Amino acid sequence: ADYGHHPTAIRETLAAVRQREPGRRVWAVYEPLTYHRTAALLDAFAEVLAAADAIAIADIWAGRDPDTTVASAAGLAAAVAERAPGKTSVAPGSVEATAAWLAGAVRDGDVILVMGGGRSYRIGELLLEQSLADCPCGRRSKIHQIFFERGQGIGGAQPLDKAGDGKFHELLTRAAEPIAGRTEAGDIAV
């Protein structure tokens, strides 16, 4: 996951994901931060998001911004679609609705990069919960506990493995390594 509050941050994060996961379909899942920032940078956001293979825009996180009329997630998704005809570019709604929509749209091997402020982290958490609920292994290992039961640090670029070929567990283990030794307070446990 990445804060992704500025087009430059999104561009660089997408480039890093493509470098780390070459040849894979990359989803840019974005929760814009404030209506005025989204309106002011709409064209720049649309341009960089269009570089992803598929795009989902959650509702804008208002933060301290009381004017909700100057921009919308649907407007940003439409601006992306204008720049990337033929690519999926949707605005499913809340972070919960976005996660639910993605759960039905992503394919095995996809990389899902979740960016934004507000509650964008919930998109990744909800996708992971769905992945673990569907996990063919039928068990809850330490890795499952770290990511599911304790709800820690899932990040964005987590592929789903509905085929049960073990890639999910391999990637989940790799992603968990940096946090596997942390306690609830974030200290390293021995």
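Arg24 is partly exposed, with a relative accessible area of 21%, where partly exposed covers the range between buried (under 20% relative accessible area) and exposed (over 50%), computed with a 1.4 Å probe on protein chains only. Its side chain meets that of Glu21 in a salt bridge, at 2.6 Å from N to O, and Glu21 is buried, with a relative accessible area of 12%. This is a predicted model, in which local features need pLDDT of at least 70 and side-chain atom pairs count only at pLDDT 80 or more, while totals for chains, interfaces and linings use all residues. Residues are numbered from 1 along each chain as its sequence is written, and side-chain values use heavy atoms, with hydrogens and water left out.

**Salt bridges**

- The structure holds 9 salt bridges, a salt bridge being a side-chain nitrogen of Lys or Arg within 4 Å of a carboxyl oxygen of Asp or Glu.
- Arg24 and Glu21 also belong to a network of salt bridges that links them with Arg20.
- Asp110 forms a salt bridge with Arg25, and the closest N and O atoms are 2.6 Å apart.
- That pair links distant parts of the chain, 85 residues apart, since Asp110 sits in the loop between α5 (95-105) and β4 (111-116) and Arg25 in the loop between α1 and β1 (26-31); helices (H or I, at least four residues) and strands (E, at least two) are DSSP runs, numbered from the N terminus.
- Asp110 is buried, with a relative accessible area of 3%.
- Asp53 forms a salt bridge with Arg18, with 3.1 Å between the closest N and O atoms.
- This pair too links distant parts of the chain, 35 residues apart, with Asp53 in the loop between α3 (42-49) and β2 (54-58) and Arg18 in helix α1 (residues 7-20).
- Asp53 is partly exposed, with a relative accessible area of 28%, and Arg18 is partly exposed as well, at 30%.

**Helix α1**

- The 14 residues of α1 should span 20 Å at 1.5 Å a residue, and its end C-alpha atoms are 20 Å apart, which agrees; the expected span is 1.5 Å times one less than the number of residues.
- The buried residues of α1 are Pro7, Ile10, Thr13, Leu14 and Val17.
- Seen down the axis of α1, these buried residues fall within an arc of 130 degrees, so they line one face of the helix; the arc is that of the directions from the helix axis to the C-beta atoms.
- Gln19 and Arg20 are exposed on the other side of α1.
- The cover over the buried residues of α1 includes β1, α3 and β4, with contact meaning heavy atoms within 4.5 Å.

**The sheet and the helices on it**

- An open sheet is formed by 4 strands in the order β3-β2-β1-β4, with parallel pairing; two strands pair if DSSP finds at least two bridges between them.
- The edge strands are β3 (88-93) and β4, each of which pairs on one side only.
- Between β1 and β2 the parallel pairing runs over 4 bridges, and the bridge partner of Tyr30 in β2 is Ile57.
- Helix α4 (residues 73-83) packs on the sheet and touches β1, β2 and β3, its direction making about 175 degrees with that of β3; axes are lines fitted to C-alpha atoms, for helices over the stretch in contact, and angles run from 0 to 180 degrees between N-to-C directions.
- Helix α5 lies across β1, β2 and β3 and runs at about 140 degrees to β3.
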